Amino acid sequence: MRQTFDVLARLVGAGGVVVLSGAGLSTESGIPDYRGPSGAARRHTPMTYQAFTGDADARRRYWARSHLGWRLIARAAPNAGHRAVARLQHAGLVGGIITQNVDGLHTAAGSTGVVELHGRLDEVVCLDCGNLTSREELDRRLREANPGFAAQVAQVNPDGDVDLPDEAVAGFRTVDCGICGTGMLKPDVVFFGETVPAPRVADCFALVERARAVLVLGSSLTVMSGRRFVIRAAKLGIPVAIVNQGPTRGDGYAALTVDRPLGKVLTALADRVAGPAVPAVAGTPAAV
Ligand SMILES: [Zn+2]
């Protein structure tokens, strides 16, 4: 372990690192990971774009669950892993951060210029007029449309969806776009069955191609959406390091893998190569 950590520290300490993070980085913030060690407990499959746009009942179920789950996501604070990444970035060692997470916690931890591959849960897009509005605004409108809607929150998933009995869902009222008046609203995140916008993918490839090293944090690299960047780096001879709990589908491309809790490893890494931790800036929002 010590030898592997030394190699990791040398790789990251040399700078030019592009970070690719996934759900495993946010589990220590209380946001469960579909595919990590706790992912086996997943109770329902994630919403697909096709079901969301094509089935009013599926959409009502999504918003009812998400309406409850959003409060927990909005309360989530960055953890030691996010803070360590921000320290590495402020020390000038990180050339870019690509995240598959939609929780905004990298930015909340003080990182800048984060490419949010799958979008952000705190923004809502109208599928007709394309206007973006804040999730807070939608939350207010959903509460007005559903006075007294209260159900037990049992389980939160990374996309803000929670388990909820069918009978609780049946009476939930969704709302349409407040700007064009009729458009269907969708959280501005990439659902399963949907593709990441091409310019965003191109930005990520450009970051990876300029990198001296790629550091994967808390992603099992199960979906091609993230794995393709690791494959590109490996093809270009750019070393890939993976810190994740459990094996990943990118291990075959990696120069080294570290299977340990992320908060501890990344804090030790930042202590080694980024200098002493600085106190958080007063007034920095702790949540998205
Ligand atoms: Zn609209």
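**Briefing: zinc site and chain overview**

In this predicted model, 74% of the chain's contacts (heavy atoms within 4.5 Å) between residues at least 6 apart in sequence join residues at least 24 apart. Residues are numbered from 1 along each chain as its sequence is written, and side-chain values use heavy atoms, without hydrogens and water. Local features need pLDDT of at least 70 and side-chain atom pairs pLDDT 80 or more, while totals for chains, interfaces and linings use all residues.

**Chain**
- The chain holds 10 helices and 9 strands (DSSP runs: H or I of at least four residues, E of at least two, numbered from the N terminus).
- Of its 288 residues, 50% are buried (under 20% relative accessible area; exposed is over 50%, partly exposed in between; 1.4 Å probe, protein chains only).
- Carbon and sulfur atoms own 51% of the accessible surface, which totals about 13,000 Å² (Shrake-Rupley, 1.4 Å probe).

**Zinc site**
- Cys126, Cys129, Cys177 and Cys180 coordinate the zinc ion through SG at 2.3 Å (donors are N, O and S atoms within 2.8 Å of the metal, or 3.2 Å for Na, K and Ca; water is not among the atoms, so sites may look incomplete).
- The donor residues follow the spacing C-x2-C-x47-C-x2-C.
- The arrangement is tetrahedral because the 4 donor atoms subtend angles of 103 to 118° (for four donors, all angles must lie between 85 and 135 degrees).
- Cys126 is buried at 2% relative accessible area, whereas Cys129 is partly exposed at 34%.

**Asn146**
- Asn146 sits in the loop between helix H6 (135-145) and helix H7 (166-170).
- Asn146 is buried, at 8% relative accessible area.
- Beyond its neighbours within four places in sequence, Asn146 contacts Gly171, Phe172 and Arg173.

Methods:
Tetrahedral: all angles 85-135°; square planar, octahedral: opposite > 155°, others 65-115°.
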